[in-house]
Amino acid sequence: MSAVLKDDRQAKAPLGGAFGRAFECVYRWELGRRNRRFDAGKGVNRFDVPVISVGNLSVGGTGKTPMVAMVVEELLAIGRRPMIAMRGYAAKPSHHGGDEAMDYEQRFGDRVVVRAQPDRAAAIGEELAKPRPVDCVVLDDGFQHRRVARDLDIVLMDATRPAFGDRCLPAGWLREPVQNLNRSDAVILTRCDLVDEQATSKLERGISQVVASPISIAQSIHTWVNLTDIKTRESRSVDWLRGKRVVVALGIGHPSAFLEQAARTGAVVMNKLIQPDHHHWSIEDEAKLVDLVQQGRADCVLTTTKDGVKLRNGMVDRPAAVIEVEMGIEFRRNGDAIRKLITDTAAGVQSS
């Protein structure tokens, strides 16, 4: 196995050379100014319920959605009434909006309140004012959203895209320098099955060297939990894919990891249509997928639940079956410590 899976992002930074480095200096100065204000408590909203944040340091997919879902499942298991507060992409402030919000609503139904709203503090306040309010909050992509105080800060780091050695935007892909992991309570390495043990050990050593106090560091992998036909809503086991000829349709931040997992299931990828993260699938896209299925004599289109909720609007009437994959998280190391952090935070237990 190679040390690191190929990065889907462009090899070069968003803005390279001297210009990129100059704008990075401006970006880091403003980031530092902003963080100093938050560190002093200015502009921070505090609530009387536990708040758990799941976020990351870098641009692009780290596997945040299945991790948020895992946190929510842990909260539901101990009888809590959680809310997922998220920014939302291309969504108006509402109870619904954006592909990830629809994904969560599909997973949890009425067991969980999902709010996609740029002003997350306002959304939380509105929910807490209701007759039967939520009793805990999960911030989706919350590490940089410091206007809401949190009781537990979980940061994800994709093991196939190590942050060490990268630069901040726009000279690199980091939203914040790795030293800012000092704010976190736990760092979870994701996609550890796609790198070798030497790479994960190096990442853990790097994290331990940049944080000022001991934090929980865990290793995890993404698993494919279930398959669902978007038209019939029929559920199928992942084993169903073995030997199937598929066309892969993705609008996510790290498509190569999905393709690697598809190959591991025994599916035969005949073709693929890869779009940017949070892509809104058009009628033309759907027609292209049907053509690719016909060209490759494929059995189906294979996609994520995040893309499936959008493809469902048009592809259900097409001759090509679309199968969406529900992803989950499995811990390889230190998972019990992470779960304890979650349940203790929900119970209001202060970590030592």
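Which elements cover the buried residues of H3? Those covering elements include H2, strand S2 (82-86), strand S3 (113-116), strand S4 (136-140) and H8. Helices (H or I, at least four residues) and strands (E, at least two) are DSSP runs, numbered from the N terminus. This is a predicted model, in which local features need pLDDT of at least 70 and side-chain atom pairs count only at pLDDT 80 or more, while totals for chains, interfaces and linings use all residues. Residues are numbered from 1 along each chain as its sequence is written, and side-chain values use heavy atoms, with hydrogens and water left out.

**View 1. Helix H3 and its end.** The buried residues of H3 are Asp99, Glu100, Ala101, Asp103, Tyr104 and Phe108. Buried means under 20% relative accessible area, exposed over 50%, and partly exposed in between (1.4 Å probe, protein chains only).

**View 2. Packing of H3 against H8.** Helix H3 (residues 99-108) packs on helix H8 (residues 305-315) at an angle of about 95°, and their axes are 8 Å apart. H3 is therefore roughly perpendicular to H8. Axes are lines fitted to C-alpha atoms, for helices over the stretch in contact, and angles run from 0 to 180 degrees between N-to-C directions. Angles under 35 degrees count as roughly parallel, over 145 as roughly antiparallel, 65 to 115 as roughly perpendicular and the rest as oblique. From H3, Asp99, Glu100, Met102, Asp103, Gln106 and Arg107 meet Thr305, Lys306, Val309, Lys310 and Arg312 of H8. The residues of this contact comprise two nonpolar, two polar and seven charged. Here Ala, Val, Leu, Ile, Met, Phe, Trp, Tyr, Cys and Pro count as nonpolar, Asp, Glu, Lys and Arg as charged, and the others, Gly among them, as polar.

View 3. H8 is largely enclosed by the rest of the structure, because nine of its 11 residues are buried. Among the buried residues are Asp307, Gly308, Leu311 and Met315. Their cover includes H3, strand S9 (245-250), helix H7 (283-296), S11 and strand S12 (322-333).

View 4. Cysteine 300 is part of strand S11 (residues 300-304), and is buried at 0% relative accessibility. Outside four places in sequence, cysteine 300 contacts Trp240, Arg245, Val246, Val247, Val293, Ala321 and Ile323; contact means heavy atoms within 4.5 Å. The C-alpha atoms of cysteine 300 and arginine 245 are 7.1 Å apart, although 55 residues separate them in sequence. Threonine 303 also lies in strand S11, and is buried with a relative accessible area of 0%. A polar atom of the threonine 303 side chain lies 2.6 Å from the backbone oxygen of alanine 249.

**View 5. The largest nonpolar core.** This core has 32 residues, and Val71, Ile154 and Ile342 have the most contacts inside it. Helix H2 (residues 64-77) supplies the largest share, eight residues. A nonpolar core is a set of buried Ala, Val, Leu, Ile, Met, Phe, Trp, Tyr and Cys residues joined through side-chain atoms within 4.5 Å. Beyond four places in sequence, valine 71 touches Ile52, Val54, Val138, Ile154 and Ile342. Another core, apart from this one, has 21 residues, including Leu57, Ala159, Leu174 and Cys192.

Methods:
Polar contact = N/O pair within 3.5 Å; in protein donor to acceptor, adjacent residues only side chain to side chain.
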